Amino acid sequence: MIPLNVKSHYSLMQGVNSIRELCRAAARMGYDRLALTDIDNLYGMWKFIFACQQEGLRPIIGAEVSDPASGARAVCLVENDSGYRNLCRLLTCRHMADAFSLAKDLPARAAGMTVLTRHADLLKTWHGAGVRVAAEMPRKPLPGSHPLCCAARYLGVPIVATPGSFFLNPGERVVHRLLRAIDRNTVLSGLSAGDVAPADAWLADPGTYAERFAICPDALRASREIAERLVFQGPDFGVVLPPWEGENGERDNGNGQSIDACLRKAVYAGAAVRYGNELPEPVVERVEHELRIIAGMGFAAYFLVVKRIVGRTPRTCGRGSGAASIVSYCLGITNVCPLKHNLYFERFLNPGRQDPPDLDIDFAWDERDAILETVLAEYKGHAAMVANHVSFQPRMALRETAKVYGLTGNEIRRIAKGLPYHFRARAIGADLMASLENRPESRYLDYPDPWPAVITLAQRIMGIPRYLSVHPGGVIITPGPIDAYVPLERASKGVPIIQWEKDGAEDAGLVKIDLLGNRSLGVIRDAVGNVRCNGMAFDEAAWEPEDDFATQEALAHGHTMGCFYIESPAMRLLQKKAGVGDFDHLVIHSSIIRPAANVFIQEYVRRLHGGAWDPIHPLLADVLDETFGIMVYQEDVSRAAVSTAGFSHTEADGLRKVMSKKDREHALKDFFEQFHDGAQRRGVSEKKIQEIWAMMMSFSGYSFCKPHSASYARVSFQAAFLKVHFPAEFMAAVISNQGGFYSTFAYVSESRRMGIDIDPPHVNHSDIAWKGKGQSMRVGLLAIKALSAKCRERIIARRREKMFHSLVDFLERVRPDETEARALINCGALDAFCSDGNRAALMWELAQWLKERSEKFKQRTLFKGFEKKPPLPALPTQDERERLRREYATLGFLCDCHPMTLYKKALQKVRTVKAVHLRRFVGRRICFAGWLITGKKVQTKHGDTMEFLTFEDEGDIVETTFFPAVYTRFCHMVDRNRPYLLYGKVEEDWGAVTLTVDKVEPL
């Protein structure tokens, strides 16, 4: 027998096992082929195909399609290419149609498929419609008198043994039940028999099925006969590029000549804009070289489509490996010259590359959705976004399992806080309970029953897919209807998405265009707009911030808070250590800042400051010359493999790609053997082979290619230029765009350190966004936490009619609710209507207005006549600390001062060092009083947790290090809502001063 109805964990919240586990088990049981029939999807199809190849199985592609109205189901198995396209269309119809009927919608999409059903009426209907059908006998033999058997005999169609499986062994049914309870949002005892699969729904070996169906040998034989007819083993689309039609109707004429000519014309027109009408010879040579490769690979349409999309907005950042292309630069897709910055084109496109490349385009974060909407509308029926398969991570698994056990929200939060939000399933190891008990954050917690059972069961669902979400920006555009390539669904935000993640799309040959949102582009746009509104000219066309000396100086000193990508503590420290702020070095720094490269960063800084060095091997001397002999960029891995071990460009690019894969270990072993043997043949010693490989493996985490880093560095320079020359306008834009590495609190502090006055919110002067002018910055209405978007808009609209002249005038015209009105009073936005500055008077006036609006008051005054408003009573003097406390609670910061200034009296008893004076105490142990603004946890090479925390006082920022022992002791008490006394030793590293903490006390 062949299993024709097998579910993986991609049968969301029903199946238990991964595809790899299923295929491995099937091969071990002796099966030679296997069908994957996940419910209403092909999510795991490509993983299934590759897993079958590894295990020596023949894959059978299919899906079980359900009817949401009737509950009927049909197992659809693909016979050929036509059947695959029809299955994609059927699944798309299932998810996208307003009203889907399995009985009615399947026949028109059944060609090329074998359909199994356990419903006698559907068997008759579909057989009459010409569908190739068979009767599905689930789990156990059916009596001959069963309606399904009777219908099958009457129609002359086979009865097939298809004991569907949802897990691999009986013991895994408990996991299946847990998933079903989570899906049904109930406790385990609340599940009905119809909610879960039967106890025998596990994948058995052929002998077990032979015994179970011994009285129905024909049903067993039919499963193999059908399986032998199902020869389709996956689609082969080749490279699927978007269609293109020019303004004059130009399109591909079958051999690409028309499109290639259009691309050539567009590129040379753009080159004239970038380089002038008299093109330098190196430009022409590079353009011609790239055009030949693009034409040979048939990619002209792709570039032209992306050019058209990018042309919809004036400010973009083309990045990724595509920024190495001079064609992209001339088309306006990217903004860095690949000749000027020596960018490696073959990382992006080379004739031997098997997988399709993609172009990544950043748009301002609040413009991106409109761009996507336009693209999806223009290519309707041919375009969709890529999906993300969201899996259970530790916190989610723990919380959901605890809910199923009936635990309360407070109980769940108490335990879940021991696992950070960023903790991933692969970081847990074999024992979640041990991980929780060993984490410093949760060492004071106990785990009474049923927590041990909850935690054990939660671990079993970690990594299992939970639901589909939308990729941050990946769009697929196909020449034919997209549902002929891949099934579609509709995401919760309304956009169509394909059922595959980006890796599946890549495996299928579907070329992705990434249209992404970038908050810093919004910052730059708004800062420039603010500058122009203030009456200053700003010519972006002639803007070359990379050449501005003042900007370079700021970068060299790490004064980059608020500047895109170079504002993190680690990056600012690197800038200070390097002491250089030119563009080329910033490109290096933007890529070398990666988790696994700390040892190389230190060596880079040493060499940068004149330290002697030799190339790690003579074969790499030229490859790594511009980065002081250290691998910095992704393509350095590829170039090192080519130079050291004789890899082809295609093989080297394959090595680079596999390093970022989740399941890379198996493939890396093969690559290392190839690298080792190739390097040995070139005379490289064993010691040097290991050293070079270790440097290459430092890229196993997140890292950039040089074109990507150069693209980011340009945006970083633009942001830094604006911060240096227009600080108020820039910082206002940073805060208004609500993004960045830090909170609004930290950006307000930075603004104050730059000499910018913070003007409090004001209903007659504040816009929704923050605005800067000269050396002052007005708080925007969006900073007021309790103020709704509608109320903000009403304030602006009513103010355009005329200014507000009193509190009652404001209340009558804007009509805020009580919470909004109190927030406006507490933050100072209504202080203009309070003559003595006592906000209690405003609260009293608000209370009177609310009373007059109440129905009871209106009824009383209606029958008793006008009721005189009582006079303002004698109010207590306003307490300054209480005023500031309420302001902080409403805004998250203080306009007039830094909160640390309020602790002067408490600090009189402690001898502390101010942040601005820290450099004077290098090598000494000191006490510093500061407010936490950000932090980052990391793992040491021994697996211990440590943390880098950033604190500030009213004068400057201090970067601190909490090594594992100190982190373990104090991590539970440090948060961002209060100041602390930090005791430790002041350290200096190449001019960058930090504090290594050994003790923490709340202030």
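**Second largest pocket.** I looked up the second largest pocket in this predicted model, which has 34 lining residues, with Arg-274, Asn-335, Glu-540, Arg-714 and Gln-718 nearest its centre. I took a pocket as an open set of points on a 1 Å grid over the protein atoms alone, with protein on both sides within 12 Å along at least five of seven lines, and lining residues as those with an atom within 4 Å of a point. Its space comes to about 1,000 Å³, where a volume is the space filled by probe spheres set on the points, joined across faces, edges and corners. The lining divides into 15 nonpolar, nine polar and 10 charged residues; Ala, Val, Leu, Ile, Met, Phe, Trp, Tyr, Cys and Pro count as nonpolar, Asp, Glu, Lys and Arg as charged, and the others, Gly among them, as polar. Helix α29 supplies the largest share of this lining, four residues. Helices (H or I, at least four residues) and strands (E, at least two) are DSSP runs numbered from the N terminus.

**Conventions.** I noted that the model is predicted, that local features need pLDDT of at least 70 and side-chain atom pairs pLDDT 80 or more, and that totals for chains, interfaces and linings use all residues. Residues are numbered from 1 along each chain as its sequence is written, and side-chain values use heavy atoms, without hydrogens and water.

**Cores.** I then looked up the largest nonpolar core, which has 129 residues; Leu-655, Met-696 and Phe-810 have the most contacts inside it. Helix α29 (residues 706-725) gives the largest share of this core, nine residues. A core is a set of buried Ala, Val, Leu, Ile, Met, Phe, Trp, Tyr and Cys residues joined through side-chain atoms within 4.5 Å; buried means under 20% relative accessible area with a 1.4 Å probe, protein chains only. Leaving out residues up to four places away in sequence, I found Phe-810 touching Val-763, Ile-795, Phe-804, Arg-815, Pro-816, Leu-824, Leu-830 and Phe-833, with contact meaning heavy atoms within 4.5 Å. A second, separate core has 127 residues, including Leu-91 and Tyr-485.

**Leu-102.** I placed Leu-102 in helix α4 (residues 102-105). Leu-102 counts as buried because its relative accessibility is 0%. Beyond four places in sequence, its contacts include Val-65, Asp-67 and Trp-126.

**Cavities.** I counted three cavities of 30 Å³ or more, a cavity being a set of points where a 1.4 Å probe fits but cannot get out. The largest cavity holds about 60 Å³. Strand β2 gives the most to its lining, three residues.

Conventions: Buried means under 20% relative accessible area, exposed over 50%, partly exposed in between (1.4 Å probe, protein chains only).
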